[in-house]
Amino acid sequence: MSGLELENFRHALLKVAEANRSRFGIGVQAFKLHVANLGFPDVSEKDVRRELEYVSEKGLLAEAAKALSPENQFWKITAAGRDYIATRES
Amino acid sequence: MSATRKPRGDAKLKTLPEERQQQIDDLLASHTLKEVQASLAEDGLNVSLQALSEFWSWRQLRAQFSRKETLVNEALEQLKQSNPQLSEEALFSHGQTVFGLLALEEKDSLTWKRIQDARSRRLKLDLDRQRFQRETAELFLKWAADRRAQEIAAAGGVAQSEKIERLGQLMFGDDWDGKESTGPTRTGQSDAKEISPK
């Protein structure tokens, strides 16, 4: 992915997370599924996980409380993530 | 990540009051993107088709997550009743697991898409029906004064079906196919040639 594509891909991940107003987080596979509908149909699960971790490190996503299986990770958008989207889209 | 890129087109829509967003959502459910774009432009809201499309995707996804959370909450409520000893933390973990699985299910959106497709078909039928009715009224005005048509209509002792057959041949000539059924839901009717009594 080029720099701009990567930027748009991360934005798409945040957009999916932002659409989720529930108290629960979303897993890697669900992110992969939904970013496909936002113009990224061919990304691998590995790519999705890597970028989720990057965006999390930036404080825009946070890991939700873990499910029963500890290997499953779920992410939710943070307040900073919402601010980021609002700023980028305004 | 840069926060100073160009504004996204769907931003104006997402920042509208929820009620207005819902109205646009409803419009999108029964009209084409172009029709909604034109309608919004009349209200002074100029957005691209791409922005509308993205806005709709976002609304759908939001609604989808919301419905899934409702399902999970209902399930957790039942679980809590049958297992009152479960802690809130354990319940949340169960909920998270189920929500995580439901978020993977696309059936919701496929069902939704089918509903939208059905709405679009119904809308097309409505428009076809309106056009058919208008064209029928126009044809009536054109032919009501025609002597041959009047004679056919007034002929005594002739069955209704025969009158229809004769009138059809008079009005449509070689294009007339009396074997086909006619009625307000026959969408092909609107393709009838522009004809006038000679």
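**View 1. Two salt bridges between chain B and chain A.** Two salt bridges are counted between chain B and chain A, a salt bridge being a side-chain nitrogen of Lys or Arg within 4 Å of a carboxyl oxygen of Asp or Glu. One to look at is A:Lys15 with B:Glu54, at 3.6 Å from N to O. This is a predicted model, where local features need pLDDT of at least 70, side-chain atom pairs count only at pLDDT 80 or more, and totals for chains, interfaces and linings use all residues. Residues are numbered from 1 along each chain as its sequence is written, chains are lettered from A and ligands numbered from 1 in the order in which they are written, and side-chain values use heavy atoms, leaving out hydrogens and water.

**View 2. Where chain B touches chain A.** Here 32 residues of chain B are in contact with 39 residues of chain A (heavy atoms within 4.5 Å). Together the two chains bury about 3100 Å², 62% of it on carbon and sulfur atoms; that is the accessible area (1.4 Å probe) that two parts lose on being put together, summed over both.

**View 3. A cluster of rings.** A:Phe24 joins B:Phe65, B:Phe92 and B:Phe99 in a cluster linked by ring pairs. Rings of Phe, Tyr and Trp (its six-membered ring) pair if their centres lie within 6.5 Å; planes under 30 degrees apart count as stacked, over 60 as edge-to-face and the rest as tilted.

**View 4. A stacked pair in chain B.** Over all chains, the whole structure has six aromatic pairs. One of them, B:Phe172 with B:Trp176, is stacked, with 6.0 Å centre to centre and 20 degrees between the planes. B:Phe172 counts as buried because its relative accessibility is 19%, and buried means under 20% relative accessible area (1.4 Å probe, protein chains only).

Methods:
Buried means under 20% relative accessible area, exposed over 50%, partly exposed in between (1.4 Å probe, protein chains only).
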